[in-house]
Amino acid sequence: VMYDINTAICNKNVEDMFVTVWLGIIDLTAGKMTCANAGHEYPILKKPGEQYEIVRDKHDLVLGAMKNLEYHEYEISMEPGSSLFLYTDGLSEAIYSDNRMFGINRILENLNTDPGRSPEETLLNMKEAVVGYTGGMEPFDDLTMMSFAYYGPML
């Protein structure tokens with residue numbers, strides 16, 4: 001999938017633009033997620049009964065930068081009760097008035113304040129935290145987040 005998307009972008013990329021992408025495809029029966037990362041932020045995973053932790057996956061080159069690139073797959077095991085948090089750099093790089101970034105440590109701290117939140121609550125809480133941190137300043141970059149919980153095999 002990543003190879004094909006990269007090829008399509010490169011073939012029509014007169015502006016020399018690129019995009020970071022994290023892709024995960026989950027087998028809902030087995031809880032196995034096959035993933036690839038094209039220069040995107042690290043995903044953050046919470047296993048049942050544990051805290052959220054960064055998944056330091058291998059980053060391949062962003063999509064649109066160069067033709068004929070191979071992208072590497074890896075797997076994440078999603079046990080029932082696992083949660084995954086994904087975000088763009090607009091979250092980690094959100095800036096306070098003194099030019100300090102929100103940063104990955106604040107993201108982890110926020111997630112781990114109550115790691116049992118639902119995906120909806122997780123996103124709402126994170127949005128409130130970053131808006132509070134930046135004092136409501138207009139973001140300089142997009143702020144996109146996704147929270148996903150795996151409850152186990154579908155019956």
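Guide: Hi! One term to start: a residue is buried if under 20% of its relative accessible area is left, exposed if over 50%, and partly exposed in between (1.4 Å probe, protein chains only). This is a predicted model, where local features need pLDDT of at least 70, side-chain atom pairs count only at pLDDT 80 or more, and totals for chains, interfaces and linings use all residues. Residues are numbered from 1 along each chain as its sequence is written, and side-chain values use heavy atoms, leaving out hydrogens and water.

Visitor: OK, so which residues of H3 are buried?

Guide: In H3, they are Gly103, Ile107, Leu108, Asn110, Leu111 and Asn112. The "H" and "E" names come from DSSP runs, numbered from the N terminus: helices (H or I) have at least four residues, strands (E) at least two.

Visitor: And what covers the buried residues of H3?

Guide: The cover includes strands E3, E4 and E6, plus helix H2 (89-92) and H4.

Visitor: What order do the strands take in the sheet with E3 and E4?

Guide: The order is E4-E3-E6-E7, an open sheet of four strands with antiparallel pairing. Its edge strands are E4 (52-54) and E7 (145-150), each pairing on one side only. Two strands count as paired if DSSP finds at least two bridges between them.

Visitor: How many bridges join E3 to E4?

Guide: Three bridges join E4 to E3, which spans residues 44-46, and the two run antiparallel. In this pair, lysine 46 stands opposite tyrosine 52 of E4.

Visitor: Which strands does H3 touch when it packs on the sheet?

Guide: Helix H3 (residues 103-113) touches E3, E4 and strand E6 (82-87), and its direction makes about 155° with that of E4. Touching, or contact, means heavy atoms within 4.5 Å. Helix H4 (residues 119-134) packs on the sheet too, touching E4, E6 and E7, with about 155° between its direction and that of E7. Angles run from 0 to 180 degrees between N-to-C directions, using axes fitted to C-alpha atoms, for helices over the stretch in contact.

Visitor: And at roughly what angle do H3 and H4 cross?

Guide: Their axes cross at roughly 135° and come within 10 Å. That makes H3 oblique to H4, since angles under 35 degrees count as roughly parallel, over 145 as roughly antiparallel, 65 to 115 as roughly perpendicular and the rest as oblique. From H3, the contact is made by Arg106, Ile107, Asn110 and Leu111; from H4, by Thr122, Asn125, Met126, Ala129 and Tyr133.

Visitor: New topic! What's the order in the open sheet of three strands?

Guide: That order is E1-E2-E5, with antiparallel pairing. Strands E1 (21-27) and E5 (74-77) are the edges, each pairing on one side only. The twist averages 30° from one strand to the next.

Visitor: Why is E2 largely enclosed?

Guide: Five of the seven residues of E2 are buried, so the rest of the structure largely encloses this strand. Seven bridges join E2 to E1, and four bridges pair E2 (residues 32-38) with E5.

Visitor: Which residue of E2 partners isoleucine 26?

Guide: Methionine 33 is the bridge partner of isoleucine 26, and methionine 33 also has a bridge partner in E5, isoleucine 76.

Visitor: And what does glycine 31 do in the hairpin of E1 and E2?

Guide: Glycine 31 takes a positive phi near 75° there, in a hairpin with four residues between the strands.
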